[in-house]
Amino acid sequence: MTALVTLRQQLASTQGWSEYLETELQQDYMLQLADFLDAEVAAGKQVFPAEGNWLQALQATSLNKVKVVILGQDPYHQPGQAHGLSFSVMPGVKVPPSLKNMYKELESDLGYTAPDHGNLQCWAEQGVLLLNTVLTVEYDKAGSHQKKGWESFTDKIIETVNAQCSDVVFVLWGSHAQKKASMIDVAKHQVLESAHPSPLSAFRGFFGSQPFSQVNTYLETAGREPVNWLLENIDVKPDQGALF
């Protein structure tokens, strides 16, 4: 199956998104991106996440449910990690450093003890769009699929949320995500900015920023249901998710 067919099928299975994004798949930049992905696979390169999860962020969070956008950059580039949701990994996969720091801040902010896994699916199902700006990556090569077209596509996703939704909290961690702030209508939405949770920057403003309680305060003020940020433990043996 070609990359373009895969993307069309996945987009068609989303709720609310295809109406605004279908025409993007016909744009030259997306046709070029699909050709690039096909060539990568044909060359025997490992691409993460698995092709069935390229649009998982849109499949997990329908457009009419979006209340929060947490913007990441690249998918994880080691086996078993990326599954299409920013910062999230499958159950049984070791929790990555940035997510560990998110858990530390979650405990400091709301008193929630860190779970024994790194899967954020339950946040996505509540309307937290866990979106990376680039949706694929080559094994062990961070940033390898940047500037291939994904950024234009995910910009369109952000534009769609900005235009079609109201009272959404955009959580922009780090300079890369904060570049998207100009795309957001602050008369309709809330923007929260801080340092990135990466170990390289978390101590420069992420820790102590209280993003989780701030998100819920805004949502409640806007008359929207707050997010239940509590993540329950999952009884899964380490590395069980390595095939995903």
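Predicted model: local features only at pLDDT ≥ 70, side-chain atom pairs only at ≥ 80, totals over all residues.

Entry 1: I found four strands in an open sheet, ordered β3-β2-β5-β6, with parallel pairing. I then looked up the edges: β3 (128-132) and β6 (190-194) each pair on one side only. From one strand to the next, the twist averages 20°.

**Entry 2: a look at β2.** Next I followed β2, residues 68-72, to its partners. Toward β5 (residues 169-173) I found four bridges, with the two strands running parallel. Ile-70 stands opposite Val-171 there, and Leu-71 has Leu-172 of β5 as its bridge partner. Toward β3 I found five bridges, again in the parallel sense. On that side, Val-69 stands opposite Leu-129.

Which way do the residues of β2 point? Val-68, Ile-70 and Gly-72 go one way, while Val-69 and Leu-71 go the other. I remembered that side chains in a regular strand alternate between the two faces of the sheet. Are the residues of β2 buried or exposed? Five of its five residues are buried, so by the under 20% relative accessible area cut-off the strand is mostly covered.

**Entry 3: a helix pair.** I moved on to helix α1 (residues 3-12) and helix α3 (residues 28-42). They pack at an angle of about 120°, and their axes are 8 Å apart. From α1, the contact uses Ala-3, Leu-4 and Leu-7. From α3, I wrote down Met-30, Leu-31, Ala-34, Leu-37 and Asp-38. Sorted by class, this contact has seven nonpolar residues, one charged residue and no polar ones.

**Entry 4: a cavity.** How many cavities of 30 Å³ or more does a search of the whole structure find? I got one. The largest cavity holds about 40 Å³ of space. Its lining is made of Pro-49, Trp-54, Pro-75, Gly-84, Leu-85, Asn-132, Val-134 and Leu-135. By class, I logged six nonpolar and two polar residues in that lining, with no charged ones.

Key: Residues numbered from 1 in each chain as written. Heavy atoms only, no water. Pairing = 2+ DSSP bridges. Axes fitted to C-alpha atoms, helices over the stretch in contact; angles between N-to-C directions. Contact = heavy atoms within 4.5 Å. Nonpolar A, V, L, I, M, F, W, Y, C, P; charged D, E, K, R; others polar. 1 Å grid on protein atoms, 1.4 Å probe; cavity = no way out; pocket = protein on both sides within 12 Å on 5 of 7 lines; lining within 4 Å. Points joined across faces, edges and corners; volume = space filled by probe spheres on them. Buried < 20%, exposed > 50% of the residue type's maximum accessible area, 1.4 Å probe, protein only.
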